[in-house]
Amino acid sequence: MRALLLVATLVLVPTLSAASAAPPRVAPVQTADEQALLLADDLRFAKDLARHKLFALATQVVEQTIKKIEALHDTDLLGEAEFVDATIDLKESENTADDDQVLTGLTAGIERLRDWIRPGSPYAYHPLKVDVLESLAGALRDRGKVHARLGRDGDAAQSKLAADDFAEADKVYEDLYDECTARAEQLKSNEEADAAEAMSLRGNYAYYLRGLNSNEWADVSDDPGFRIEQAIEQLDEFQWEVSDESLAYYESMYQQARAFHKLAVVQRGKGETEDADENDSEAREIIKNALELAREHFWSWVDTAPAAAQVAICGLFSDMWGYLAQLEAESGDLAKGQEWIDTLVKEFDTKKVPLGRRGYRTLLDWAETLDRLGRGALATPIANRIAREGRGTPEGEQAEVLLASLVRGTFIESSDVLMSVARGNVTDGQFADAAFNFERAAALATSDEDRRRFAFDAWNGAGDALTRLKRDVEAAVAFEEALKTAQALELGSDAIASAAYRMYSAFNRRFKDTGDAFDKKQRDAASERLIEMGYEGDLPFLRAEEAFSEVADGDTQGFLAVKSDFEAVSPSSPNYEKAMVYIARCLMGMGKLEEAVTQLATVEARAADPALEPKNADARAKREIAMAQARYYHAELLLRDELKRPAEALAVLAGFEEQITSQDGFFPLVRYLRVKAHAMEGDVEGAEQALQVLVDTGAEASYLSSAAFYAAKALEAKARQVQADGGDPAEAADLLDRAADALWMYCEKSGFASFTNLLTTADWYLEAKNPAEAQRVFQRVIDVFASREPASRIDRARIGLATALDEQHDFGRARPVWKDLLARNPKDPTVRRGAARSFGGWLELGPDDQVTEVAGSGDYADAYQIWVDLQRAANSESKYHDVWWEAKLGTIYTLYRQREIDPKRLSDARELLDNLRLSTPDWDKSTIEYLDPEYRYEQLYWPFFRYLDRQVPATK
């Protein structure tokens, strides 16, 4: 059994003298298929990075992966990579409240997706085409909504752009439906009924999405009534095909209610009051029905639902409650609307489930409604809640802007609220107000807890806002307050140095602008203060560090320029070793890896020299940080594919935790690298021990999953080597069992993201003669992926599950699985052979050639017929090959097993044995050597035939 692996590449940010290297190991050459699987998991990792908002890093991983894929000429994988690249752009657009940034991200993603499906694209039959069409249509619809919002103030150009996007999205949704329909038909013809049904449902879902698009299109359409009626019809089409036990059913009801209300608004504008009232009533009725039914199906258990399901359920209910509130407000009953909002808040608080972004959006819409109706006092606590709980989301940012507007001119005595208001001022470009509110927040932070939470950030915020206003002297004073706060609260040398440097920079900018003697005096005083604090030497370093942060990946000239800046840092600077590490990172950015290795070894040698140890505690702390960075980067560099020197990496990492005790943030990174290095060396025991250290020290899932993968890969490679060398089968099985344990950890810690890896885990357990664990994992494959993978792939797991049950002689549970598999895959040879063994049993060869009979489930007639059919096929295609002999043995054994039910079958078995022995007296023992090498098999069947020859009586 050839096991397939996927790798999760852990991309990390932050090592010493070269050690005596062990004899180099020759790594096995990877096939193109194996390389493709590794690269596919890199793409999954990039998606994970994007999900965690590490967009630049995600893009970097994808770009590197695309280059490797292009070398393989793998069109399918290249299509997937380009889709992931577009998805990152779209994901980035979802995580900003700035309309320009949203439009930039959406446009970049749309252009990539358009190119993906352009005429003549190599991806016409790509498996991901349905996903691409759905993403493109959704991105066009999202961009249309942004343009529509920007056009509400009468900007006709924006409204035209919105209409164009909605029109194109409508066309793409049509293409999506057609593609799903065609693929469903193809799957039906291939007898993949489950996959065909899933694809048909997905095509039907295009009606729902198209309905949403038509609903939004109405806002900028020349004929809004037509578009709304189109939306109602499309949503109705969807509801006819989807079960009322599906959350999507109630989502469509909610969207249909919105459409009916929009239609009522259009009708009122035309004076069709009666029709409008009827449609408004219909909207309310639909939503209330949806709430009642969905509450029974979903809200009752939302607090125990899996995370993804909980987000979807919470989003739907917050939308429905919020929309009912808006309907009441529009009709003039604000109190009734507030009751619906109070219901929403109470229900969420009672269930103790998070509001989520859709909940924030609902409350934010209500707060804006209250503000518009002159009820700012009611809107303020809502905006404050969203600003506090939704910090870091676009909705939280918008709430800060609203809150700033609501409280303008009022007296606030809360640092927390003032910080939100000030951030809202910054977003809105109101920098003078921002500076005032940041300063007020700092002044009100009088308790130690509040000072730690707010004061330093508040003074820095005030300084930034004043800098934007070019009020540099005031900015310098604010940064000076930040410096005093950092010193008083002992926030650490980095915070202190940063504030001090920003204070100096503000005075320096002022002097450069004016050239005034007084401003020069202020600048010089700030410089003297830096000298007194021991930070004067930090200035060149801090400037270079700022420049480094602005260099883009691949900008060789940029790295070269910044490298020169770091080389200008004086050896007397407390940041000298850190500058040397940055020089190495610049060399890495320029692709000069060997020079970077030499540079890092130099840093380590210097940092380890006691004669150079500074007396100043702050300088010693910076030196320790530099040493930790250098050793980490050094080891990470040595383990890259371009160098692959794991023995040197282990020497660099030796004793890291004991020697650099203050830098415990590096410990998980170092322990992860040790696992990887041991695995690359083929030292499986070392890899397992290092992995256990990660487990015992409570490392995060990302480190554990990647480290476990490397350990699993090394264990499996060693097991295969033992097998190839003809070693002890028990040793190989033990290694493979341990590899499966490690790969299970990888799967579990990575959230069961990879079907192939989870299936491989089960395969390894089965091959290692651990059927109980194999059964558990095969069942997990089915539970996790049944709704996400084609039926043909899930059947692969079902075959494994049934086989694992057979290995445990649990034929009662295996039998229905094989029956189901046979019914859906009647011609699949793997299913037929597995079912025949399970139904009719088999013979096992033990120590001293002792043969044991396994009875099977007792469906001997069924097993016999399968073996006969397999034998007939083998007679014409591969006589005397493995399958031919297995089928011959199966037919005779199943006849033999029926001896007590039908004694005549024993005579039939004897006749077959005698006829077979006439042509092959030694059974397969005499025929196997004549097979071509590629068809030879290890298992000889002749001991089993000899056993049956003794057991089956001769005919009289």
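Visitor: Why is Lys563 called buried?

Guide: First, a caution: this is a predicted model. Lys563 has a relative accessible area of 16%. Buried means under 20%. So Lys563 counts as buried.

Visitor: What makes Lys563 and Glu567 a salt bridge?

Guide: The closest N and O atoms of Glu567 and Lys563 are 2.7 Å apart. The cut-off is within 4 Å, between a side-chain nitrogen of Lys or Arg and a carboxyl oxygen of Asp or Glu. The pair therefore qualifies. Both residues lie in helix α23 (residues 556-567), 4 residues apart, about one turn of the helix.

Visitor: Why is Glu567 called partly exposed?

Guide: Glu567 has 45% relative accessibility. Buried is under 20% and exposed is over 50%. The value for Glu567 falls in between, so Glu567 counts as partly exposed.

Visitor: How do you know that Glu577 and Arg606 tie together separate parts of the sequence?

Guide: Glu577 forms a salt bridge with Arg606, with the closest N and O atoms 2.9 Å apart. Glu577 belongs to helix α24 (residues 576-589), Arg606 to helix α25 (residues 593-607). The two parts are 29 residues apart in sequence, so the pair ties them together.

Visitor: Which labels do Glu577 and Arg606 get for accessibility?

Guide: Glu577 is at 5% relative accessibility, so it counts as buried. Arg606 is at 21%, so it counts as partly exposed. The line between these labels is drawn at 20%.

Visitor: What makes the Asp99 and Arg149 pair a link between distant parts of the chain?

Guide: Asp99 forms a salt bridge with Arg149, the closest N and O atoms being 2.4 Å apart. Asp99 sits in helix α4 (residues 99-117) and Arg149 in helix α5 (residues 129-150). They are 50 residues apart. Asp99, at 22% relative accessibility, counts as partly exposed. Arg149, at 37%, counts as partly exposed too.

Visitor: How many salt bridges does the structure hold?

Guide: The structure holds 76 salt bridges. Glu685, Glu688, Asp734 and Arg738 are linked in a network of them.

Visitor: Why are α27 and α29 called roughly antiparallel?

Guide: Two packed helices are described by the angle between their axes and the distance between the axes. Helix α27 (residues 646-653) and helix α29 (residues 667-681) pack at an angle of about 150°. Angles over 145 degrees count as roughly antiparallel. Hence the label for α27 and α29. Their axes are 9 Å apart, and the crossing is left-handed.

Visitor: Which residues of α27 and α29 meet?

Guide: From α27 come Pro646, Ala647, Leu650 and Leu653. From α29 come Val670, Leu673, Arg674, Ala677, His678, Met680 and Glu681. The contact of α27 with α29 divides into 8 nonpolar, 1 polar and 2 charged residues.

Visitor: How do you know that Gln871 is buried?

Guide: Gln871 has a relative accessible area of 14%. That is under 20%, so Gln871 is buried. Gln871 lies in helix α38 (residues 860-877). Leaving aside residues up to four places away in sequence, Gln871 touches Trp884, Ala887, Lys888 and Thr891.

Visitor: What share of the protein chain is buried?

Guide: Buried residues make up 51% of the 956 residues in the protein chain. The chain has 41 helices and 2 strands. Along its principal axes, its C-alpha trace spans about 125 × 90 × 55 Å.

Conventions: Residues numbered from 1 in each chain as written. Predicted model: local features only at pLDDT ≥ 70, side-chain atom pairs only at ≥ 80, totals over all residues. Heavy atoms only, no water. Axes fitted to C-alpha atoms, helices over the stretch in contact; angles between N-to-C directions. Parallel < 35°, antiparallel > 145°, perpendicular 65-115°, else oblique. Left-handed = near helix turned anticlockwise from the far one by under 90°. Contact = heavy atoms within 4.5 Å. Nonpolar A, V, L, I, M, F, W, Y, C, P; charged D, E, K, R; others polar. Buried < 20%, exposed > 50% of the residue type's maximum accessible area, 1.4 Å probe, protein only.
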